[in-house]
Amino acid sequence: MIAALIFVILIIIFIAFLIGKNLENLCTIWFFTNFQEVSVIVLIFVAFCAGVLTALLFILIAKLMKYSKQNKPTTTEIQTVKERKIKKDKKKIGLLKKAEKINEKTDEPAEN
């Protein structure tokens, strides 16, 4: 716990030192147009935010791909479902044929 606190304090000191050394540094950037006299600190902050957003986008895409693979039925499951449907359809056809035979027998005139 103390090591983590020391690590965070060192990072804060490093960031403060970086900002202090680059406050007066200006640069010109081209990003589809020329930006004159942009602070280096602003440029570092924008680049950091762009990197974070890009990383989050890739993480989201990876999780969505993993989720879609987990919920996708396998070919054996699909085949089993199709076979069950075919069996049900065959039973229905068999029952319809039996019903037609029964109807044919009842429709025939009785012979006396």
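**Surface patches and a hairpin**

Author: To begin with the surface, R84, K85, K87, K88, K90, K91 and K92 gather in a patch of positive charge. The model is a predicted one.

Reader: Which helix holds K87, and is K87 buried or exposed?

Author: K87 is found in helix α3, residues 75–107. A residue counts as exposed at over 50% relative accessible area. K87 therefore qualifies as exposed, its relative accessible area being 58%.

Reader: What is the area of the nonpolar surface patch that includes F14?

Author: F14 is found in helix α1, residues 2–22, and is exposed with a relative accessible area of 52%. The patch is made by F7, V8, I11, I12, F14, I15, I19 and L23. Its area is about 770 Å².

Reader: In which sense do strands β1 and β2 pair, and over how many bridges?

Author: Strand β1 spans residues 26–30 and strand β2 residues 34–39. The pairing is antiparallel, over four bridges.

Reader: Which residue takes a positive phi in the hairpin of β1 and β2?

Author: Most residues other than glycine have a negative phi. The hairpin has three residues between the strands. The residue there with a positive phi, near 65°, is F32.

Reader: What is the phi of E37, and is E37 buried or exposed?

Author: E37 lies in strand β2 and is not a glycine, yet its phi is positive, at about 50°. With 61% relative accessibility, E37 counts as exposed.

Notes. Residues are numbered from 1 along each chain as its sequence is written. This is a predicted model: local features need pLDDT of at least 70, side-chain atom pairs count only at pLDDT 80 or more; totals for chains, interfaces and linings use all residues. Side-chain values use heavy atoms; hydrogens and water are left out. Two strands pair if DSSP finds at least two bridges between them. Helices (H or I, at least four residues) and strands (E, at least two) are DSSP runs, numbered from the N terminus. Patches are made of residues with over 30% relative accessible area and no salt bridge: like charges are joined within 9 Å, nonpolar side chains (Val, Leu, Ile, Met, Phe, Trp, Tyr) within 5 Å. Accessible areas come from the Shrake-Rupley method with a 1.4 Å probe; for residues, only the protein chains shown count as cover. A salt bridge is a side-chain nitrogen of Lys or Arg within 4 Å of a carboxyl oxygen of Asp or Glu. Lys and Arg count as positive and Asp and Glu as negative; His and the chain ends are not counted. The place of a charge is taken as NZ of Lys, CZ of Arg, CG of Asp or CD of Glu. Buried means under 20% relative accessible area, exposed over 50%, partly exposed in between (1.4 Å probe, protein chains only).
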